[in-house]
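Please look through the model below before reading my notes. The points are meant to be read with the structure open.

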Amino acid sequence: MNRLQKVLEANKEFVAHGKHDYSDEDIARSKLPQKKMAIFTCMDTRLTEILEPAMGIGRGDAKIIRTVGNYLTGEFDTVIRSLMVAIYELGVEEIFVVGHYECGMAKTTAKSLATAMREHGVPEEAIEKVHEELATWANAFRDPVENVRDAVKKLAANPYIPKTIKIHGLMIHPRTGKLDVVADE
Ligand SMILES: [Zn+2]
């Protein structure tokens, strides 16, 4: 069985045995984040099923944006766009940037990525094209705590994020779920 087949098999089980009657309450709940929060965090697999309960968040409570290393790449990057929709269309009033200890991005470098890309057959000119951006992004990320503080600062100064939005910077421990506040705007 390949991975897709396994997913579809699990899905059959899930749909057959879960209680998923789509009530009116569910429909209302599906769109607006009830706690008016957006969370910007890492794609690390260990955060799945620990981040939300560790923050007291359930289904329908918050918008969650996950990228590698919860790193902002620009003033109007895809994270900012997601936050804009969350704020302007879905009523989000507070942003929580949640980094985590032991983040793998701290070990990733432009060189390690370029080498792996070459090994996977990515053309040299394509690597060359993003080399500078790779360097500023992958090499800049050394300390996940500093990265959260930096993201909070950037969000607070971002012209597309209104000044009324509260922005918090937190670190989560991927094993215990313990949260530490490292920045508050
Ligand atoms: Zn991470």
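The notes below go from the whole chain to single residues.

1. Basis of the notes. This is a predicted model, in which local features need pLDDT of at least 70 and side-chain atom pairs count only at pLDDT 80 or more, while totals for chains, interfaces and linings use all residues. Residues are numbered from 1 along each chain as its sequence is written.

2. Overall layout. The protein has 7 helices and 5 strands; helices (H or I, at least four residues) and strands (E, at least two) are DSSP runs, numbered from the N terminus. Read from the N terminus, the order of elements is α-α-β-α-β-α-β-α-α-α-β-β. The C-alpha trace spans about 50 × 50 × 30 Å along its principal axes.

3. Of the 185 residues, 24% count as buried. A residue is buried if 20 or more other C-beta atoms lie within 10 Å of its own, exposed if 12 or fewer, and partly exposed in between, with C-beta atoms placed from the backbone. Two residues are in contact if their C-beta atoms, placed in that way, lie within 7 Å. Among contacts with a separation of 6 or more, 77% join residues 24 or more positions apart.

4. Nonpolar side chains tend to be buried together in soluble globular proteins. The largest nonpolar core here has 34 residues, of which Ala38, Ile39, Ile95 and Val97 touch the most other members. E1, helix H3 (51-55), E2, H4, E3, H7 and strand E4 (166-172) each supply at least two residues of this core. A nonpolar core is a set of buried Ala, Val, Leu, Ile, Met, Phe, Trp, Tyr and Cys residues joined through C-beta atoms within 7 Å. Leaving aside neighbours within four places in sequence, isoleucine 39 is in contact with Ala62, Ile64, Phe96 and Val98.

5. Helix H4. Which residues of H4 are buried? They are Val79, Ile80, Leu83, Ala86 and Ile87. These residues lie on the same side of H4 because they cover an arc of only 120 degrees around the axis, the arc being that of the directions from the helix axis to the C-beta atoms. An α-helix has 3.6 residues a turn, so residues three or four places apart point the same way. The buried residues of H4 pack against strand E1 (37-42), E2 and E3. On the face turned away from the buried side are the exposed residues Thr78, Arg81, Val85 and Tyr88.

6. Helix H5. Of the 10 residues of H5, the number buried is 0, so this helix lies largely in the open. Glycine 121 follows H5 and has a positive phi, near 85 degrees.

7. Most residues other than glycine have a negative phi. Asparagine 70, which is not a glycine, has a positive phi of about 35 degrees, and glutamate 102 has a positive value near 65 degrees. Asparagine 70 is in the loop between strand E2 (62-67) and helix H4 (78-88); glutamate 102 is in the loop between strand E3 (94-100) and helix H5 (110-119). Are these residues buried or exposed? Asparagine 70 is buried, because 26 other C-beta atoms lie within 10 Å. Glutamate 102 is exposed, with 12.

8. Valine 148. This residue lies in helix H7 (residues 144-157). Valine 148 counts as buried because it has 28 C-beta neighbours inside 10 Å. Not counting residues up to four places away in sequence, valine 148 touches Val97, Gly99, Gly169, Met171, Val182 and Ala183.
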